[in-house]
Amino acid sequence: MTAITASLTRIASTADGGRLLRVALRVDALASGVLGLAGLVAAPAIAELTGAPAPVLRGVGGFLVLFPIALLVLAARVAPPVAGSRAVVVVNVCWVLGSIAVALLAPLTVLGTVLVLVQAIGVALFADLQWLGIRRATA
């Protein structure tokens, strides 16, 4: 167990000048933007497949089209601001928790539930990479 802990500590403490954080923010922006556009453009079709209401999909899509702007602003900096980057991690963790609640409580189809949980896993991975990126940027 000590070897694993030492390994993880070494990975987290490897300074990279913010490179991992910038990449994680950019990939998150791309994924969020694509899902946002899909929600805006194809809300009725997605609603039929997933059981989610089309107006909710449009609202989420609108948020996901705007959210990447903040991500790209942070990622454009040579050293992304730690406070802003931590805020992104918090938003992503809240998104994951909200997604789990939706998957458990909303009257979605099986496909809808699976899609909500799969995207929650993706967002959790972004949050993890961003947190690691913050640790490396400040090492």
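Here are a few worked exercises on the helices, aromatic pairs and nonpolar cores of this structure.

The model is predicted, so local features need pLDDT of at least 70 and side-chain atom pairs count only at pLDDT 80 or more, while totals for chains, interfaces and linings use all residues. Residues are numbered from 1 along each chain as its sequence is written, and side-chain values use heavy atoms, leaving out hydrogens and water.

**Exercise 1. Work out whether the length of α4 agrees with its residue count.**

Step 1: Helices are DSSP runs (H or I, at least four residues), numbered from the N terminus. Helix α4 covers residues 54-75, which makes 22 residues.

Step 2: get the expected span, which is 1.5 Å times one less than the number of residues.

**Exercise 2. Find the buried face of α4 and say what covers it.**

Step 1: sort by accessibility (buried is under 20% relative accessible area, exposed over 50%, partly exposed in between, with a 1.4 Å probe and protein chains only). Ala54, Leu57, Gly61, Leu64, Phe67, Pro68, Leu71, Leu74 and Ala75 come out buried.

Step 2: look down the axis of α4. The buried residues fall within an arc of 135 degrees (taken from the directions from the helix axis to the C-beta atoms), so they line one face of the helix.

Step 3: name the cover. Contact means heavy atoms within 4.5 Å, and what covers the buried residues of α4 includes α2 (19-41), α3 (43-50) and α5 (82-105).

**Exercise 3. Trace the aromatic cluster through Phe63, Phe67 and Trp95.**

Step 1: set the rule. Rings of Phe, Tyr and Trp (its six-membered ring) pair if their centres lie within 6.5 Å; planes under 30 degrees apart are stacked, over 60 edge-to-face, and the rest tilted. The structure holds two such pairs.

Step 2: take Phe63 with Phe67, a stacked pair at 5.4 Å centre to centre and 20 degrees between the planes. They sit four residues apart in α4, or about one helical turn. Phe63 is partly exposed at 37% relative accessible area, whereas Phe67 is buried at 12%.

Step 3: take Phe63 with Trp95, also stacked, at 5.9 Å and 15 degrees. Phe63 lies in α4 and Trp95 in α5, so this pair ties together parts 32 residues apart in sequence. Trp95 is partly exposed, at 24%.

**Exercise 4. List the largest nonpolar core and say which element gives the largest share.**

Step 1: define it. A nonpolar core is a set of buried Ala, Val, Leu, Ile, Met, Phe, Trp, Tyr and Cys residues joined through side-chain atoms within 4.5 Å.

Step 2: list the members. The largest core has 11 residues: Leu21, Leu25, Ala29, Phe67, Leu71, Leu74, Ala75, Val88, Val89, Ala127 and Ile134.

Step 3: assign elements. Those giving two or more residues are α2, α4, α5 and α6 (110-137), and the largest share, four residues, comes from α4.

Step 4: look elsewhere. Apart from this core lies another, of eight residues, among them Ala43, Ala52, Ala103 and Leu108.
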